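Take a walk through this protein, sheet by sheet and then site by site. Have the structure open as you read.

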Amino acid sequence: MPALVRKKILVKGVVQGVGFRPHVYKLAAERRLAGWVKNDAAGVTIEAEGPGAAVAAFIKDISSRRPAASRIDSVAVSPARARGEKSFVITKSGGKAPAAAIIPADLALCADCRREMLNPADRRYLYPFTNCTNCGPRFTIVKSVPYDRPYTTMAGFKMCPECLKEYKDPLDRRFHAQPNACPVCGPAVKLSYGGKTFSGSAALAKTAALLLAGRIGALQSLGGFHLACRADKPAAVKALRAAKRRPHKPFALMLPSLAAVEKYCFISKAEAAALVSSEAPVVMLRRRATPFGEPAPGLARLGVMLPYTPLHAALFSELAQKGFSGPLVMTSGNFRDEPICKDVPDVKSRLAGVAAFSLSHDRPIHNRADDSVAFEAAGALRLARRARGYVPAAVRLPAAGPSVLACGADLKNAFCLTRGGEAFLSQHIGDLSEPLNQEFFKETLGNLRGLLKVSPALTVHDLHPDYASSAIARALPGKKLAVQHHAAHALSVAAEYGLKGPFLGVALDGTGYGTDGAIWGAEFLVFKGKTWRRAGHLKYFGLPGGDIGALEIWRPALALVKQAFGPGWRGKAGRLFCRVPAAKLLTVERMLDAGLNSPRTSSMGRLFDAFSFISGVRPEATYEAQGPMELESLLSGRLAKPYPFAVGEGREFELDPAPAVKESVLDRLAGRPAAHISARFHAGVILAVADAAGRAARAAGLRAVCLSGGVFQNRVLLEGVSAALFKNGFKVYSNRQVPANDGGIALGQAWYALKGYRPA
Ligand code: ZN
Ligand code: ZN
Ligand code: FE
């Protein structure tokens with residue numbers, strides 16, 4: 001008999017609440033090892049004993065065959081004294097709540113559970129709350145740590161003997177699955193429609209019938225309610241648009257399977273992987289034809305997700321029985337930019353008049369979380385919105401430090417709490433100019449602080465004095481630090497990649513408050529040691545009316561055209577503005593000339609807005625970035641001859657778009673199509689930004705470039721600038737774990753504070 005070897009193995013990462021211990025138990029059983037496994041403060045600890053080769057193979061298995069929803073950050077092995085044990089056991093977690101316990105993110109319905117609930121012989125046939133250790137609600141039902149059933153919104157449900165047996169059996173897929181439930185003992189659905197209520201399978205059947213008839217309903221999902229209707233019924237989509245007062249903004253779709261998605265969209269390998277992942281985000285896919293009610297007018301991409309809860313799966317099964325396998329619109333159950341509704345009273349007070357019926361259930365949502373939105377660009381999956389499925393997974397920081405709260409920015413707000421070397425971003429909170437979102441921020445901050453058990457030593461906020469997020473920060477006790485918006489954007493990339501050395505940050509963005517009081521938005525920033533400075537920027541232009549220029553996109557266009565052509569602009573480009581009422585045009589021109597309510601800006605977002613106006617894509621927008629997204633949607637592969645930009649000299653160089661504006665106006669007046677102008681504009685910006693970045697980096701002796709800011713969600717721009725810089729020998733980094741838009745800015749703010757950056 002070979003000599004017995006015993007090893008102590010410490011596994012760190014996302015290893016709790018994801019079926020890790022039963023998995024380890026099975027691996028140990030396969031190799032006939034003795035010992036034990038348990039959850040503890042640091043992660044999962046294992047002691048395994050057996051023949052040396054078997055123990056070694058077992059240790060290899062732990063990482064190579066890990067459970068789908070787990071993430072392993074480290075496996076530390078140390079020798080232990082053999083004890084001659086005979087069996088392998090799962091032992092109880094030690095005592096109180098572990099200090100560094102990780103709350104897992106919500107997990108989409110797994111293949112095993114889906115199979116069970118679609119099997120008429122299974123006791124969970126079409127049961128809308130089927131789950132196991134590999135799938136189900138997590139973050140959205142957690143009230144406090146440790147992650148155990150009594151501390152979730154499942155506390156009120158007592159497991160039936162059969163469920164309890166599964167829960168207690170180490171070899172069962174539902175061993176310690178905290179939300180475990182079945183039709184006998186678990187939550188149930190309820191449909192409210194026209195003063196009547198329906199429950200169980202009748203509720204699902206009636207919901208399917210109502211949707212098929214073209215009605216709009218509110219459906220309770222994991223982190224909140226959706227508003228749903230058939231996407232192939234133009235009248236239904238139109239009614240939803242009218243009710244939500246969203247004339248054009250794209251709606252996300254849900255389709256029953258990858259095969260169904262393929263009928264409407266092209267899917268790459270990475271996109272398919274994202275669709276079926278346990279995070280199950282909305283994925284932006286290039287569309288084929290659109291034989292239905294235009295969920296995304298003017299856009300080349302559709303936001304699509306697969307059914308990610310058993311309730312969705314049961315509903316699509318009902319729909320399939322009635323012969324429907326097409327897309328449903330599944331958009332956030334909210335009004336405008338308010339927080340997503342999370343319970344029936346919420347739906348009644350805020351969505352009355354929008355939803356004809358509501359399908360709800362009695363497993364309360366504790367933490368709201370909207371759907372996440374992902375897209376593939378420059379060879380990687382990126383996030384446009386980080387919420388359900390990703391939160392509260394941590395981003396690992398390059399170094400540890402005291403706990404910091406970073407409040408983010410006002411648009412697409414998400415905040416960040418750090419604990420040791422980890423950064424926890426909140427779910428997407430939204431636009432903080434909406435008072436309900438400020439409440440949502442405070443509610444979420446309270447929840448997340450409780451779960452993480454941290455008391456931040458410092459509160460970081462944006463430099464903008466009038467931001468609601470800055471006001472929230474100022475009202476909190478303790479030390480404060482204000483961080484410039486674009487420095488934070490750039491540092492969000494550095495934090496993600498653990499960059500320790502100097503780098504050039506290129507932030508292309510909508511708007512952010514600059515250190516000179518101007519509205520910045522296309523910035524080249526040098527980070528060296530612990531200091532940063534601005535090396536260059538887009539040449540300032542006036543923004544008459546301020547933020548309203550993001551919707552009335554002819555305003556930034558007017559400013560740029562006037563700046564490019566000078567006083568004689570009307571003779572050369574006046575025709576472009578023929579659809580703007582003459583009196584309004586004159587008023588705004590006078591505002592610009594007098595510098596009244598016309599902040600100076602270097603905003604790349606407004607430059608894109610202006611070019612979407614000049615190209616003729618649209619005169620005004622009904623949602624932020626509509627013009628630029630439609631402008632990008634016109635591109636079809638090859639770019640055209642770039643519009644020229646001029647570069648000024650000086651300590652801070654200026655990138656002047658005047659030559660590009662002039663040529664684009666000539667193109668438009670010569671009747672060139674918008675697609676041509678779009679192609680020349682994109683080529684011009686890519687060339688100008690890559691050139692300027694290359695020169696700024698070389699001048700400062702930098703080899704690394706970090707790209708961030710909301711404008712880099714433009715796929716063509718991100719890929720073009722990355723490729724050009726890479727070709728010129730630079731290392732190029734861009735956001736993956738957090739959004740490049742303001743949803744990721746809190747990470748950069750936190751890292752700014754922890755590393756102790758300051759202006760040079
Ligand atoms: Zn499952
Ligand atoms: Zn049960
Ligand atoms: Fe920004």
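Which residue in S4 does Arg6 stand opposite? Arg6 stands opposite Ala80. The model here is predicted, so local features need pLDDT of at least 70 and side-chain atom pairs pLDDT 80 or more, while totals for chains, interfaces and linings use all residues. Residues are numbered from 1 along each chain as its sequence is written, chains are lettered from A and ligands numbered from 1 in the order in which they are written, and side-chain values use heavy atoms, without hydrogens and water.

Start with the sheet that holds this pair. Helices (H or I, at least four residues) and strands (E, at least two) are DSSP runs, numbered from the N terminus. Two strands pair if DSSP finds at least two bridges between them. Strand S1 (residues 4-14) and S4 run antiparallel and are joined by 9 bridges. They belong to an open sheet of 5 strands, in the order S4-S1-S3-S2-S5, with mixed pairing. Strand S4 (71-80) and strand S5 (88-90) each have a single partner strand and stand at the edges, so one side of each is left without a neighbour in the sheet. From one strand to the next, the twist averages 15 degrees.

Two helices pack on this sheet. Contact means heavy atoms within 4.5 Å. Axes are lines fitted to C-alpha atoms, for helices over the stretch in contact, and angles run from 0 to 180 degrees between N-to-C directions. Helix H1 (residues 20-30) touches S1, strand S2 (34-40), strand S3 (43-51), S4 and S5. The direction of H1 makes about 175 degrees with that of S5. Helix H2 (residues 52-64) touches S1, S3 and S4. The direction of H2 makes about 155 degrees with that of S3.

Now move along the chain to another open sheet. It has 11 strands, in the order S7-S6-S14-S8-S9-S13-S10-S12-S11-S15-S16, and the pairing is mixed. Strand S7 (196-199) and strand S16 (380-385) are at the edges with a single partner strand each, so one side of each is left without a neighbour in the sheet. Ser192 has Thr197 in S7 as its bridge partner.

Helix H6 (residues 234-244) packs on this sheet and touches strand S9 (225-230) and strand S13 (328-332). The direction of H6 makes about 145 degrees with that of S9. Helix H9 (residues 310-321) lies across S6, strand S8 (217-220), S9, strand S10 (253-254), S13 and strand S14 (357-361). H9 runs at about 155 degrees to S13.

Strand S11 shows both pairing senses. S11 (residues 282-286) pairs with strand S15 (residues 373-377) in the parallel sense over 2 bridges. There, Val282 stands opposite Val373. With strand S12 (residues 301-305), S11 runs antiparallel and is joined by 4 bridges. Arg286 stands opposite Arg301 in S12.

Two backbone details deserve a look. Most residues other than glycine have a negative phi, and most peptide bonds are trans. Arg245 lies in the loop between H6 and S10. Its phi is near 50 degrees, a positive value in a residue other than glycine. The peptide bond from Val391 to Pro392 is cis, with omega near 10 degrees. Pro392 sits in the loop between S16 and strand S17 (395-401).

Turn next to the metal. Donors are N, O and S atoms within 2.8 Å of the metal (3.2 Å for Na, K and Ca); water is not among the atoms, so sites may look incomplete. Which residues coordinate the iron ion (ligand 3)? They are His485 (NE2), His489 (NE2), Asp509, through two OD contacts, and Asp742 (OD), at 2.0 to 2.7 Å. In sequence these donor residues are spaced H-x3-H-x19-D-x232-D. His485 is in helix H13 (residues 485-497), and Asp742 is in the loop between strand S30 (731-734) and helix H22 (745-755). The pair is 257 residues apart and links distant parts of the chain.

Gly710 lies in the loop between strand S29 (704-708) and helix H21 (715-727). Neighbours within four places in sequence aside, Gly710 is in contact with Leu508, Asp509, Ala740 and Asn741.
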